[in-house]
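This report concerns a single protein chain and is intended for a computational reader. The sequence and coordinates are shown first.

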Amino acid sequence: GYTIEGDYARAVLEAEKRVNSRKVAWYFLHTEEASKVVMPRLMYMDRWKGEAVVSMVSCNDDWIWETMTPEVRSTWRDELTSTYADKYVSADGKSGRLVEVLDAGSYVAFHTHWNSLFSNGARIGMKVMREVFRRINALLGDRIQWMKFSEVAMLTAAAKDLDLKIEERPDGIELQLDTRFPCRNLTLSLRCEREVRRATLQGADGEPYLIAIARAKDGGTWLECNSLLQRDGRIFICIDLTKGNKIILYFAQ
């Protein structure tokens, strides 16, 4: 697919439309093992049809591929599990390729292969991945959210397509969001020095949904869907675009 990636992306979309009736598709093809910033790439979009294709870029090489070889299997020791896992996430959670990418604010997409996990019957790769996942959940758990690639693809399309308009109100501001790719957990950020006392998300039916106002604690930035965080002169809003596309922020007097 490398030499005909444009055709490849369109073929993936056509297959998804025919088989699954989906207008947003994604695929694996590229890896980026050096850059700290590794993001999904929008490869095709037809805004008027609401169609998009996203390339999911993996941030790693398949480091457990070699566990299939007779040399590795015959000399394997259990302590090597940690050595391989360190490439992804160190035992203290402070280094490793996945931590490096996470610290840079990127999506963290990584990959392996079933035959790497199976290791020709020895299942060494599975042991390594279990330890990697254990470290991710135990050491990075408050910084991550596991997502489906279909969700990442829809978020990527929505962010690229988003048209944002801001209107002033006597009691605050109104944000109008327009996109053909409604999704959950779309996150926006804008500079705002004034304190927000109340916020609502309004849908096409006119029904307002209350946006919870979170408080920054110890530098944390975690946001649930339909919530708002104010910190350092900025507002961070995470909303469910499937419920509405108009945000009203009411300022404290």
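**Overall description**

The model is predicted. The protein chain contains seven helices and twelve strands. Its C-alpha trace spans about 75 × 45 × 30 Å along the principal axes. Of the 253 residues, 42% are buried. The accessible surface of the chain amounts to about 14,400 Å², and carbon and sulfur atoms account for 50% of that area. Where contacts link residues at least 6 apart in sequence, 64% of them join residues at least 24 apart.

The charged side chains comprise 36 positive and 36 negative groups. The centres of these two sets lie 2 Å apart.

**The five-stranded sheet**

Five strands form an open sheet in the order S4-S5-S12-S7-S8, and their pairing is antiparallel. Strands S4 (163-169) and S8 (208-210) are at the edges; each has a single partner strand, so one side of each is left without a neighbour in the sheet. From one strand to the next, the twist averages 25 degrees.

| Strand pair | Sense | Bridges |
|---|---|---|
| S5 (residues 172-178) and S12 | antiparallel | five bridges |
| S7 and S12 | antiparallel | six bridges |
| S7 (residues 196-202) and S8 | antiparallel | three bridges |

Strand S12 (residues 246-251) takes part in the pairing with S5 and in the pairing with S7. Is S12 mostly covered or mostly uncovered? Five of the six residues of S12 are buried, and the strand is mostly covered. Lys246 of S12 has Gln176 opposite it, and Gln202 also stands opposite Lys246.

Helix H6 (residues 124-139) includes Lys127. The relative accessibility of Lys127 is 37%, and this residue therefore counts as partly exposed, since that class lies between the cut-offs of under 20% for buried and over 50% for exposed.

Which residues does Lys127 contact, once neighbours within four places in sequence are left aside? The contacts are with Asp78 and Thr81. Ser82 is 45 residues away from Lys127 along the chain, and the C-alpha atoms of the two residues are separated by 9.6 Å.

Terms used: Residues are numbered from 1 along each chain as its sequence is written. This is a predicted model: local features need pLDDT of at least 70, side-chain atom pairs count only at pLDDT 80 or more; totals for chains, interfaces and linings use all residues. Side-chain values use heavy atoms; hydrogens and water are left out. Two strands pair if DSSP finds at least two bridges between them. Helices (H or I, at least four residues) and strands (E, at least two) are DSSP runs, numbered from the N terminus. Axes are lines fitted to C-alpha atoms, for helices over the stretch in contact, and angles run from 0 to 180 degrees between N-to-C directions. Buried means under 20% relative accessible area, exposed over 50%, partly exposed in between (1.4 Å probe, protein chains only). Contact means heavy atoms within 4.5 Å. Accessible areas come from the Shrake-Rupley method with a 1.4 Å probe; for residues, only the protein chains shown count as cover. Lys and Arg count as positive and Asp and Glu as negative; His and the chain ends are not counted. The place of a charge is taken as NZ of Lys, CZ of Arg, CG of Asp or CD of Glu.
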